[in-house]
Amino acid sequence: MRADRDVIIIGAGAAGLTAAQYAARSNLNALLLEELAPGGQCLIIDNLENYPGFPDPLPGIELSQKFEEQAHHFGAEIQTYSVHAVSKKGKLFTVDTDNGALTSSTVIVATGAKHKKLGIPGEEDFSGRGVSYCATCDGPFFKGKRMLVAGGGDAACDEAMFLAKLTDQVIMIHRRDRFRAQRALAERTLKNPNIEVRWNTEAKVIRGDGKVQEVVLWRNDKDETYTEKVEVVFVFVGSIPQTQVVKDLDVQKDEGGYIVTTQRMETSVPGLYAVGDVRATPFRQLVVAAGEGAIAAHAASQYIDELKGEAYN
Ligand SMILES: Cc1cc2nc3c(=O)[nH]c(=O)nc-3n(C[C@H](O)[C@H](O)[C@H](O)COP(=O)(O)OP(=O)(O)OC[C@H]3O[C@@H](n4cnc5c(N)ncnc54)[C@H](O)[C@@H]3O)c2cc1C
């Protein structure tokens with residue numbers, strides 16, 4: 001049976017858009033499926049400083065638009081549908097979407113990752129009313145207010161720096177005694193006069209009356225608890241890989257739930273590839289995601305050539 005598509009790519013972040021561009025340039029019949037707007041996490045990056053080829057800081061949304069433009073330019077087709085599941089029968093994949101099922105010879109999973117929650121009392125109650133996971137989206141509503149940022153990685157530092165442009169009262173708490181963020185970003189965060197960093201500190205309860213008013217904090221090295229008055233809590237404490245689409249396949253994952261692949265982005269299921277933040281990788285960045293997208297498209301193209309070779313023999 002002939003597949004509807006050579007390759008279906010799931011998720012239009014940096015990884016998926018690059019895979020689509022490379023697949024289209026390789027003359028594959030490629031379809032990119034995205035449940036929201038193309039761009040993924042890149043859309044919420046305020047100031048991108050480390051993407052090669054762009055020496056001046058640029059908003060993530062601009063880079064996303066360039067990724068999309070380039071994918072379109074080479075003929076990649078992007079459709080706005082959510083993918084529910086991928087299954088495989090013989091050599092054919094079936095991709096179940098909001099708009100019915102499609103078949104393909106290969107699938108590239110580029111579904112990225114979503115933010116982790118603190119999991120403390122008050123977090124759910126005040127979500128959207130003073131608890132946020134996106135500084136660029138919600139920061140402007142709290143201009144000039146006292147803000148708390150939880151986290152110590154790249155995303156936490158990046159977002160705290162953005163918030164420090166809106167207020168001179170950013171308190172940043174991190175449960176360890178140093179940042180996990182890249183050195184240059186960590187140093188700039190520490191030097192920012194509008195950010196006060198509190199090490200070995202964890203949020204325990206978020207309280208308020210209709211809106212956030214205070215957070216109970218715990219010094220984990222001294223076992224001291226105190227209350228801090230703030231009007232908003234921004235949470236950037238890590239991410240969860242979005243692997244639901246492959247739940248019906250026997251795909252190998254690491255202990256964190258990220259999809260394990262070879263250097264060619266091949267998963268444990270032949271013809272299925274994983275790229276970007278959903279993949280078990282030591283470094284989750286745009287340039288890495290884009291590079292992996294290119295490798296997967298190349299590997300998928302070779303796999304399809306082999307399948308066609310088998311069909312002719
Ligand atoms: C605040 C913040 C700041 C950052 N700063 C930097 C930085 O300065 N430099 C840098 O290089 N990196 C930075 N990063 C990391 C970078 O954004 C990510 O590494 C990169 O965006 C990962 O790209 P991706 O394509 O793998 O996944 P994502 O960008 O997460 O894209 C995945 C896409 O898949 C879609 N999707 C998921 N499930 C489905 C489904 N079932 N059906 C259809 N579509 C689906 C999603 O809607 C999404 O659009 C930052 C991240 C954050 C959150």
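Predicted model: local features only at pLDDT ≥ 70, side-chain atom pairs only at ≥ 80, totals over all residues.
Two strands are taken to pair if DSSP finds at least two bridges between them. Residues are numbered from 1 along each chain as its sequence is written, and side-chain values use heavy atoms, with hydrogens and water left out. Local features need pLDDT of at least 70 and side-chain atom pairs count only at pLDDT 80 or more, while totals for chains, interfaces and linings use all residues.

Within the sheet, strand 9 (residues 147–150) and strand 15 (residues 232–235) run parallel and are joined by 4 bridges, and V149 has F234 of strand 15 as its bridge partner. Strand 10 (residues 170–173) contains I171, which is buried with a relative accessible area of 1%; buried here means under 20% relative accessible area, exposed means over 50%, and partly exposed lies in between, with a 1.4 Å probe and protein chains only. I171 and E228 are 57 residues apart in sequence, and their C-alpha atoms are 9.6 Å apart in space.

Strand 1 (residues 5–10) is mostly covered, since 6 of its 6 residues are buried. Strand 1 runs parallel to strand 6 (residues 100–109), to which 5 bridges join it, and the bridge partner of I10 in strand 6 is V109. Strand 1 is also joined to strand 2 by 4 bridges, again with the two running parallel; V7 has A30 as its bridge partner there, and I8 has L31. Between these two strands the chain passes through helix 1, and this β-α-β crossover is right-handed, a term that applies if, with the strands pointing away from the viewer, the path from the first strand over the helix to the second runs clockwise.

Strand 2 (residues 30–33) sends A30 and L32 one way and L31 and L33 the other way, and all are buried. Strand 2 and strand 3 (residues 77–79) pair in the parallel sense over 3 bridges, with L32 standing opposite I78 of strand 3. The chain passes from strand 2 to strand 3 by way of helix 2 (residues 60–73), and this β-α-β crossover is right-handed.

The ligand is surrounded by 33 residues, of which the closest are E34, Q41, V83, D277 and L286; a residue is counted as near a molecule if one of its heavy atoms lies within 4 Å of it. The polar contacts, defined as pairs of N or O atoms within 3.5 Å, include a backbone N or O atom of E35 at 3.2 Å from a nitrogen atom of the ligand. A side-chain N or O atom of Q41 lies 2.8 Å from an oxygen atom of the ligand, and a backbone N or O atom of V83 lies 3.0 Å from a ligand nitrogen atom. Taken alone, the ligand exposes 1000 Å², and the protein buries 91% of that, with areas from the Shrake-Rupley method and a 1.4 Å probe. Helix 1 (14–25), helix 4 (154–163) and helix 6 (286–312) are the elements that give two or more residues to this shell, and helix 4 contributes the largest share, 3 residues.

Helix 6 also contains E292, which counts as buried at 5% relative accessibility. A polar atom of the E292 side chain lies 2.7 Å from the backbone nitrogen of G276.

Most residues other than glycine have a negative phi. D223, although not a glycine, has a positive phi of about 50°; D223 lies in the loop between strand 13 (212–219) and strand 14 (224–229), and counts as exposed at 58% relative accessibility. M265, also not a glycine, has a positive phi of about 70° and sits in the loop between strand 16 (239–241) and strand 17 (272–274), but M265 counts as buried, at 3% relative accessibility.

Notes:
Polar contact = N/O pair within 3.5 Å; in protein donor to acceptor, adjacent residues only side chain to side chain.
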